[in-house]
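The sequence and coordinates follow.

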Amino acid sequence: MKQHLRQIHPLAWTIIVGTMFGRLVTSMSIPFLSIYLTSVLGATPTETGFTVAVSSLAGVMVSFYGGYISDRIGRKLVMLVSIFCWAGVFFIFSEAEYLWVFFVANTLNGLCRAVFEPTSRALLSDITPPENKLLVFNLRYAAINLGVVFGPIIGFQLGSAQSTFPFLISGLVYIVYGLVLIVQFQLQHANLPQPSKAKAPRLRDALATAGRDRVFLPVLIGTTFCVLGYGHFGSTLAQYMERSTMFDNGSQLFSYMLSLNAVTVLIVQYPIVRAFRNAPPLVPLIWGNLLVAASLLLFGMASGAALLMVSVVLFTVGEVLLFTMMDMLIDRIAKPEWKGTYFGTIGFNNFGNVMAPIMGGLLLSQFGGHGIAVFLPLALITALGLPFLWIAHKRLITREREAHALQQSA
């Protein structure tokens, strides 16, 4: 293990450590944005929902082309431009006083994230030998959750629910991250890939490919409902905790729930991956959808901290089942010549993240802090992904059985 750690490229360590501090500071501020908009600016839950959702919408529209952009003009330039732009976005957040400014800032936030993060993952892949890639990407995932363990608690102590000051800290940290990247690019002279001359992927071709694949299409639809359910944790739940009369200090309790979510990911990720590594690839997603839907229902039923924390653990196990197994599933069902298109197209399931804060905001506007009235519909909508995932599961079994029979007869 130590030998593998020593073999990790210094630039990869920069990205891993930078990711940890980046998520630390953004989890101090972004998760509390919906609370700030409703409690300080007086925005309605529906207005808040649209303002939060626009980040994911911008990301969905750009992420499909993010990898292509970095292929054409180089990872280094894309990463440096996007990270300093991202720092500027956080400064806009810190000075914003009007709802429309937050809307614009969050749009830019989604654009910067959708360009920087896929490019940084692509660079990690470029500079890491095949035998170390699993370790490097697991380290990056662990770094994300280490940052989120402490970020929400620090953010609450800094008054993120009532102030935009933590966004200023985020901007400064991202500037430092960018400066360190500049130094590392100069010192390491990493063997970056040459810009590609390939044509841009066409959205119509990607959607046509998905539509023709009888396994991939229900996977795309089913995982969109999964992502929709997951998206309520950082949007609908945050506002509900602040509005509900059953909790004395909803913002503080929500910060603890965010930290518990990250700690649980760190604890259960490896055992879950190990337990399900030989299972049919859609089985973990089916269980993940069930657990996320069930936990949303429990959030609505909870009248105290104990059930909320149990719900967070169930939600997190469902989250890990969904998102650690997704890449393995796509890799298995995609045709070799279309893998790039499949991996790009599955990103459209993030439309679930777009719809989550909007649906949650509408329900909160209608029912306020009445938990069951808000979360029961959300749980049922999330569970709509189950029939699609089950159909994909049965079709994949049939496809692989037929492929095996053809091999045997050949």
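## Contacts and fold

A contact means that heavy atoms lie within 4.5 Å. Among the contacts in this predicted model between residues at least 6 apart in sequence, 84% join residues at least 24 apart. The chain contains 18 helices and zero strands.

## Confidence of the prediction

The chain has a mean pLDDT of 85, and 89% of its residues reach 70 or more. Among its elements, helix H13, spanning residues 282–301, has the highest mean pLDDT, at 94. The lowest mean value, 61, belongs to helix H1, which covers residues 2–6.

## Burial and surface

Of the 410 residues in the chain, 50% are buried. The chain exposes about 18,400 Å², and carbon and sulfur atoms supply 66% of that area.

## Cysteines

How many disulfides does the structure hold? The number is zero. For cysteine 85, the closest cysteine sulfur is that of cysteine 112, at 5.5 Å, which is too far for a bond, because a disulfide requires a pair of cysteine sulfur atoms within 2.5 Å.

Cysteine 85 is partly exposed, with a relative accessible area of 42%. Cysteine 226, by contrast, has a relative accessible area of 2% and is therefore buried, the cut-off being under 20%.

Technical notes. Residues numbered from 1 in each chain as written. Predicted model: local features only at pLDDT ≥ 70, side-chain atom pairs only at ≥ 80, totals over all residues. Heavy atoms only, no water. pLDDT = per-residue confidence, 0-100. Helix = DSSP H or I, 4+ residues; strand = E, 2+ residues; numbered from the N terminus. Buried < 20%, exposed > 50% of the residue type's maximum accessible area, 1.4 Å probe, protein only. Areas by Shrake-Rupley, 256 points an atom, 1.4 Å probe, with all protein chains shown as cover.
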